[in-house]
Amino acid sequence: MEGSAMLNGVQWQIGPLIITETVNTTWGLMIALALTVVLTSRNLQLDPGPLQTALEGIVSVFEKSVHGVLPQYTREVLPFIGTLWLFLLLANLSSLIPGLHAPTRDLSATSALAFLVFLSVHWYGIRTQGLRNYLHHYLSPNPILLPFHIIGEITRTVALAVRLFGNMMSLEMAALLILLVAGFLVPIPILMLHIIEALVQTYIFGMLALVYIAGGIQSQQMRQKKNRRN
């Protein structure tokens, strides 16, 4: 029983409530991220120090990335995409700490993130276009395509979750196999590979989320432009 619990990542259980390593690490990262944001934003100065300059640089990079895809809705979408990028970066890099595994190597965690993206697409679409106009794009150009639109929404959400899970799982397994074969003779290349892959996967997941949200917002605008041309 104990071996089964360890195999499934269960760290402790109270009745039906099961807490796994993924849950503990995820909550730890969220608390650390929230505390960091609160502490670093309490005394912002017009003449920023090194820490404030670095944080403003990170926010500026996020803002430019979002503005490049959604220039009209940067302020609305930036908080969600920026938070998603920061959390994914911390989650992907957390396995560098001895004894921890990245939450993103767990399909339940990546599924939850993909579900958040799924909800955000519809939230921003309804918020910017209204419920009726947003739902209408599912019936365009022909109502008979409605099932295909729904299947497309579901499959791309599943693909988003599985892609991140597969990449992070394979990254940790590859690093483990290399360490078993080569011992600790190549720790620095493995470390660099892990950091680069974590950054790449963070960027791709956030950009895909941004593109999905942009598609939900701009679909109605494109339809209106097409109608005006006709």
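**Exercise 1. Determine what share of the chain's contacts with a separation of 6 or more comes from residues 24 or more positions apart.**

Solution. In this predicted model, residues 24 or more positions apart account for 69% of the contacts with a separation of 6 or more. For the elements involved, the chain has eight helices and two strands. Along the sequence they are arranged as α-β-β-α-α-α-α-α-α-α.

**Exercise 2. Compare the span of helix H5 with the expected span, then list its buried residues.**

Solution. Helix H5 covers residues 107–129, which is 23 residues. At 1.5 Å a residue the expected span is 33 Å, and the distance from first to last C-alpha is 33 Å, close to that value. An α-helix has 3.6 residues a turn, so residues three or four places apart point the same way. The buried residues of H5 include Thr110, Leu113, Val117, Val121 and Tyr124. Ala109, Ala114, Ser120, His122, Gly125 and Gln129 are buried as well. After H5 comes Gly130, with a positive phi near 90 degrees.

**Exercise 3. Identify the residues of the nonpolar surface patch and classify Val23 as buried, partly exposed or exposed.**

Solution. Val23, Trp27, Met30, Ile31, Leu35 and Leu39 make a nonpolar surface patch of about 590 Å². Val23 belongs to helix H2, residues 21–40. Its relative accessible area is 30%, so Val23 is partly exposed.

Conventions: Residues numbered from 1 in each chain as written. Predicted model: local features only at pLDDT ≥ 70, side-chain atom pairs only at ≥ 80, totals over all residues. Heavy atoms only, no water. Helix = DSSP H or I, 4+ residues; strand = E, 2+ residues; numbered from the N terminus. Contact = heavy atoms within 4.5 Å. Expected span 1.5 Å × (residues − 1). Buried < 20%, exposed > 50% of the residue type's maximum accessible area, 1.4 Å probe, protein only. Patch = residues over 30% accessible without salt bridge, like charges linked within 9 Å, V, L, I, M, F, W, Y side chains within 5 Å. Areas by Shrake-Rupley, 256 points an atom, 1.4 Å probe, with all protein chains shown as cover. Salt bridge = Lys/Arg side-chain N within 4 Å of Asp/Glu carboxyl O.
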